[in-house]
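Subject: Structure for you to look at

Hello,

Here is the structure I said I would pass on. Please open it and keep it beside this message while you read.

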Amino acid sequence: MDMAARFQDQQVFHMTGRRSGDGLAALDKSPMRPALFAGYRDLTRLRHDFPLVLVESGITDGYAVSLTLLVNHVIETLAPRGIEGERLRKHVLRLERELRAGLAGGAEGDLSELWATAAAKLASDADESVSKVLALAGDSLGVDGALVDCDDRLPSRFMIHAWRHVQAQKASVFHGHLDRLQRRLSDILRAAFVRSEAGQRPDALRASVGGMHADDFDFTAMSRLVSRNAPKDQLPASRRRRIEWALSVLTSQRFHASRSLPGSGEASYGFLFDNVAEAVAAYRERLPQVVELVKAIAIAELEARNDYDEKDHDPFFEAYDANSLTADDLALFPDYLVCIPVGRNDLPENASLMDTLSSGLPVKVVVQVTDLLEEASIGTGHFAFGVRSARLATAAMGLGGMFVLQAASSSLYRLRNRIEHGMGCSGPALFSVFAGAPEAAGELPRYLTAAAAMESRAFPAFVYDAAAGENWATRFSIEHNRNPEIDWAKEPFEYADEQMQRVRGESAFTYADFAMCDKRNAAHFAVVPRDRWTSAMMPAVDWLALPEREATERIPYLLAVDGDDALHRVLVDARMMQATKRCLLLWHRIQEHAGIHDSHAERLLAREKAAWEISRNQELDALRKASAGAPTVVSEAPPPAAGAVAAAVAASAPPPEEKPPSDDPWIETARCPSCNECQLINPELFLYNENKQAYIKDANARTFRQLVEAAETCQVAIIHPGKPRNPDEPGLEELMKRAEAFN
Amino acid sequence: MAKPLSQCIIKLHEEQHNLEDYQGGVPRWCNGCGDNAILAAVQRLCRDENLAPEETVFVSGIGCSSRFPHYMKTYGFHGIHGRAFPIAQGVKMARPDLNVFVNTGDGDCCSIGAAHWIHAIRYNMNLTVILHDNHVYGLTKKQASPTSPIGFKSNTTPRGSILEALNPLTVTLGVQNVSFVAQGVDWIPELLYDIVSRAFHHRGFSFIRIIQRCPEFLPKMFEPWLHDPGKTLLLTHANGLQPSAELARTYKNQREHDPLDIHRAREIASSEDPIPVGILYQNPEVPCYEDLRGAGGPRTVEAIRKGLDAEFDKFTFWPDDGNQSRAA
C-alpha cells in the first residue's frame, strides 16, 4: 500500500471515526493504556501515598496518614542502620506490600487487625522470629484506624472522617466553654442556697459538715448562730429564674454529644445526611433550640460576670430570634454534612444544592463526580463534560462566600490540610471529588483513573476559600495541579527504541489520553501498526498547537502501551480532539482565575509596555539630539534619576520646627517624663494632660521667676520660659540672663 | 472560639476607663524620680487597652520601684524582697486570664531575686516585667546595687564600688527560652510607652529594663545622656519601634535591628554608651509554661479535694497500701 492510500485511510478515520481497510486496529480488540502508565502496572508493589490510615487513636498531627509514612517511621525507629536492620526492614516492607495487596483484594478493617492478619500470613511461611519481629513493628506503629485504599468509597469515607475530626475539636472547645459556664452558674446558686434560710437550717448544716464529725456539733445551735450573723442579701427571684433557665438549657442541649455522660438524657442530634433537603429540614426544625442555646450561653456569660443589667438586656433578649443569629453564633454548633451518593447528583438535587449553598447555612456538601466522559444527553455525540456535577464546583464559586474544593480522590490525602480547613470554616462548603465512573471500572486501578482525570485537566484540582481574602488572588488556588502554569502536564518519559537504545524525552498528558483509559471511548481511537506509520502523523499535543489549515493535513496520535509494554501509536478522531480542545479552553478559564495568562493583565501589560517604549525612544532621541548639538551641556545637566532622588529627599526632609521661638513660654509636652518637679513650683501654671504630661495651663497665673525656676529644675530641659510679661517684676534683669540658656 | 452573641453584648456594655481611673494612692516617690514616668506610661497603657482593673494585677518585691502596686487602682501584691516573680507566676498559673505585671528594681531582681529571675525567664510565662533600674538602693538610702557603676561611692562602698556592674539585658538574653527583651529610658516618654505596649502585647515573659534617674542619690549620673541625644541609640524595625518623625529628628543616632536576631541583640545589649533603646529581641514562638501545663483548669470541689488529698497523703502512712506506701 502506498503512502497516499495509507494517509487516506487514516484521514477517513480521523474525520469520521470509521476504520476502513486492514491498516487500523480497533482499541477494544487490543487493549491499550497511555504510555505514561507503563510504569504503574501493579500498584500493590509500588510505595505510594495510598492506602491511608484514617486515624482514630494514636499520636499524630493529622487525621489521616499514609501507610508508607507510618512504615518508614517504624523502620527508622526499630531497624538500626546497616546490615543488622536489614532483615527487619525487608520483613516490614513485605508486610506493607501484603497489606496493599490485601486491600486491593477487598480486605477491610483497622490497621491493627489487617497488620496482624498479614503478619500471621507471612509468618506461616517463615520461622517464629519473623512473627515476633512483625508483631513488635506493629506495636510501634503508634496509630490505629481504618485502612482505606483509593476506591469508589474513599471520597465519602475520607470526607466523613475529616468532618468527624473537625467536629470533635469543635465539641471539645464547646464543652470546655459550657462546663465553665455551668460551674459558674451552679456556684452562684449554691452560694445563694448557703445564705438562704433553708441553707442555714440544722439539717442543711449537718449535710455540709459530713458524716465523720457530725455528732460533735449541735446543729440547732449552729443554725441559730449562723442565721443571726449571716448577711441578709438574697438572690433576686428574677435572677434566680434566669440562671436556672440558662442552666437547664445548657445541660439539656443535644447538639454536641455530652462528654461526661454518654448515653444520658435524650440522644444528641445527628448531622450526617445523604441529601440536602433532609439536612435543611433538620436545620429548620432545630432552629428554635439553636436560638435558645445561643441565648442561654449569652445570658450565662453575663450572669457569670455579674454584668446582666435587666434594663439593657431584657428587651434585647426578648427580641432575639432566629433572624438575629450570625455566622459566628452558628459556628459554635456542629456543621451538617451531606454526602450525596454517586447516583443521586442529578439536576433537581443540584438545584436545591445551589439554593442551600447560597443561603449561607453551615452545610458541608460532598459530591462524588462520575460523569466526566459521558456523551451529552441531547445525543450529538459530543462530550458533556460532566454538566451534571463536574462543573458544580465552578458554579458554586460564582455564588461567592463559601469554601469550594475540587479534587480527584487520588489527591485527597495531599489536600488533607485544605480539606480540614474547609470542614472547619464557618458557613457552607462544597467538596467535589472525582473517583472514576463505575462503568469504566476494570482496566485501571481507581487511583490511576482519578489521577489521570486531574493530570489531563479534565478534572483539575482547585480550592476557593472566600474567607482567605478579598480578591481572587488570595482566594483561589490551583497549585495542587501538576505544572499549573502550562496547558498540559508534562512527565519525563523514557523508552527503548528498535536498537534497544535509551530514548529520553517528555510526554504531555492530554484529555485524549485520559479518555483512552475508558473502554466506552474505544471507537474514537485506532491503533496504527508500525509499518503503516506516515509522516503526516504527529503527536496530539503538537497537533493542537497547529493553525486550523495545517491541522487538516496532519493526523494526531497518542503514545500507548499494550499488555506487554510495547509502545504503539494510537490515532485520535476529530471528535475526540475537539473535546480535548474544549477541555483546554475550560482549563484556560480556570488558569485565568488563578492569574495565569490573565488576559486583562496581559492586555494592560502590553499597553504599558508600548507606552514605555515610546517614551523611552523619545527620551533617547532627545538625548541623541542634545549630545549632537552641545555635548558639554549634556554632561553638566544632572541625569533624570539624580533629579528624582533630590526631589524625594526634599519630600522626606523633616518639616520645620513646630514651635518657632517667640515671646511666650512653652513646653515640649511630648517629652515630659511626668516627674512632678514643675508642678511643685506652681500647680496652676503647669498641668498634666490626658497622658499625664505637663503643659502650660494659664500663662497669666505665673511670675517669670517661677517659669525660670521650673526651667532650671526640669531635668529633661523641656521648659522654655520665653520673655517676661510683666516689666515691673523684681530682679528681671538677672532672671532674663538665667532664662537665656533655656530659650 | 469565635466572637458570638455573648461576647458582642459584653463588649457593648463594657466600661471605658480614663487614666485617672487607674490612679491609686498619691505616689510617695521623690520629685524628679523616673518611677513617675514609668507609672504614667503604664497607666496610659491600661487606659488605651481598656484593661479591666479587676482583671489586672501588679506584683512587686521590695524597693522604691516595688511601691508601684500602691499607685495603681487594680489588684496588686506588694510581695517580699526578690520574690515578685514566683508570686506573679503563681497568680498566672491560677488565673491565666488576668493581665499580670511585675515591677521590680535592680536590687530586688538582680541581687536577692536573681535565681527567681533566671528561672522566670526560662519558664516564659505570659508576664509583663518592668525592671526599674536606677542603679542604687534608694529606699534604704544609698547602697550599691548590682547595677551600680564601678567607682560608685555609697554607704556600703565608701571607697567606691570595685566590681563591674551587672548588665541585666545580656543576662536575660543568655537564658534559654528568652522571648522578649527591650530597653527604655525614663526620659523619652514616647518610646517608653511604645516599649511597654509592645511588651504587653507579646505573649510570653516580656522583660523591659528601664534605665531611670534617681535624683536623690545619683543626680548627675545620666546628665550626659539627657543633654546629648546622640548618646542614645534608637533601635528601629518594622517589627520593633518606629519613632515619630519629631522624635527621630532629635534622636538621629538610629540603627535598624531585627528583633528576631538574637546574636545582634546580645551585641547591642553589651553597649552602655550609647544606651540602646528599643526592642532587642522578640520571638513569639517560644512556648509559655502555663500553656504547656494546661493552667487555668476547672477548680471544682472535686479537683480541690483531690489536690489537697494528694498533698496530705505525703504526710500519711497507709500500712495496707503495699509497696505504694510512703512516709514523710
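K364(A) is buried, with a relative accessible area of 0%. This is a predicted model, so please read each value below as computed from the predicted atoms. The side chain of K364(A) forms a salt bridge with that of D335(A), at 3.8 Å from N to O. D335(A) sits in the loop between α12 (327-330) and β7 (336-340) of chain A, while K364(A) belongs to strand β8 (residues 363-369) of chain A, so this pair ties together parts that lie 29 residues apart in sequence. D335(A) also counts as buried, at 1% relative accessibility.

Next, some other salt bridges. Over all chains, the structure holds 35 of them. One joins the side chains of R242(A) and E303(A), with 2.8 Å from N to O. Because R242(A) is in helix α9 (residues 237-251) of chain A and E303(A) in helix α10 (residues 276-304) of chain A, the pair ties together parts 61 residues apart in sequence. R242(A) is buried, with a relative accessible area of 12%, and E303(A) is buried at 2%. D335(A), at 1% relative accessibility, is buried as well. R242(A) and E303(A) also belong to a network: salt bridges with shared partners join them with R239(A) and E310(A).

Another salt bridge is formed by the side chains of R100(A) and E96(A), at 2.9 Å from N to O. Where do R100(A) and E96(A) lie? Both are in helix α3 (residues 86-104) of chain A, four residues apart, which is about one turn of the helix. Are R100(A) and E96(A) buried or exposed? R100(A) has a relative accessible area of 4% and is buried. E96(A) has a relative accessibility of 1% and counts as buried too.

Now the domains of chain A. The assignment gives these ranges:

- domain 1: 3-40 + 488-598
- domain 2: 51-149
- domain 3: 157-259 + 296-329
- domain 4: 331-477
- domain 5: 599-634
- domain 6: 666-740

Taken over C-alpha atoms, the centres of domain 1 and domain 5 of chain A are separated by 48 Å.

Helix α27 of chain A covers residues 732-740. Which residues of α27(A) are buried? They are L732(A), L735(A) and A739(A). Seen down the axis of α27(A), these buried residues fall within an arc of 60°, so they line one face of the helix. The other side of α27(A) has E733(A), K737(A) and E740(A), which are exposed. What do the buried residues of α27(A) pack against? They pack against α26 (704-713) of chain A.

In chain B there is a nonpolar patch on the surface. I304(B), L308(B) and F312(B) make it, and its area is about 290 Å². F312(B) is in helix α12 (residues 301-313) of chain B. At 52% relative accessibility, F312(B) counts as exposed.

Last, some details of the backbone. Most residues other than glycine have a negative phi, and most peptide bonds are trans. The places below depart from that.

The peptide bond from F50(A) to P51(A) is cis, with omega near -5°. P51(A) is in the loop between β2 (33-34) and β3 (52-58) of chain A. In chain B, a cis peptide bond joins D273(B) and P274(B), with omega about 0°. P274(B) lies in the loop between α10 (262-269) and β11 (275-282) of chain B.

As for phi, H597(A) is not a glycine, yet its phi is positive, near 50°. H597(A) is in the loop between α21 (574-593) and α22 (599-629) of chain A. Its relative accessibility is 46%, and H597(A) counts as partly exposed. K141(B), also not a glycine, has a positive phi of about 70°. The loop that holds K141(B) runs between β5 (136-137) and β6 (143-144) of chain B. K141(B) is exposed, with a relative accessible area of 52%.

Regards

Terms used: Residues numbered from 1 in each chain as written. Chains lettered and ligands numbered in written order. Predicted model: local features only at pLDDT ≥ 70, side-chain atom pairs only at ≥ 80, totals over all residues. Heavy atoms only, no water. Buried < 20%, exposed > 50% of the residue type's maximum accessible area, 1.4 Å probe, protein only. Helix = DSSP H or I, 4+ residues; strand = E, 2+ residues; numbered from the N terminus. Arc of directions from axis to C-beta. Contact = heavy atoms within 4.5 Å. Domains from an automatic or database assignment. Salt bridge = Lys/Arg side-chain N within 4 Å of Asp/Glu carboxyl O. Patch = residues over 30% accessible without salt bridge, like charges linked within 9 Å, V, L, I, M, F, W, Y side chains within 5 Å. Areas by Shrake-Rupley, 256 points an atom, 1.4 Å probe, with all protein chains shown as cover.
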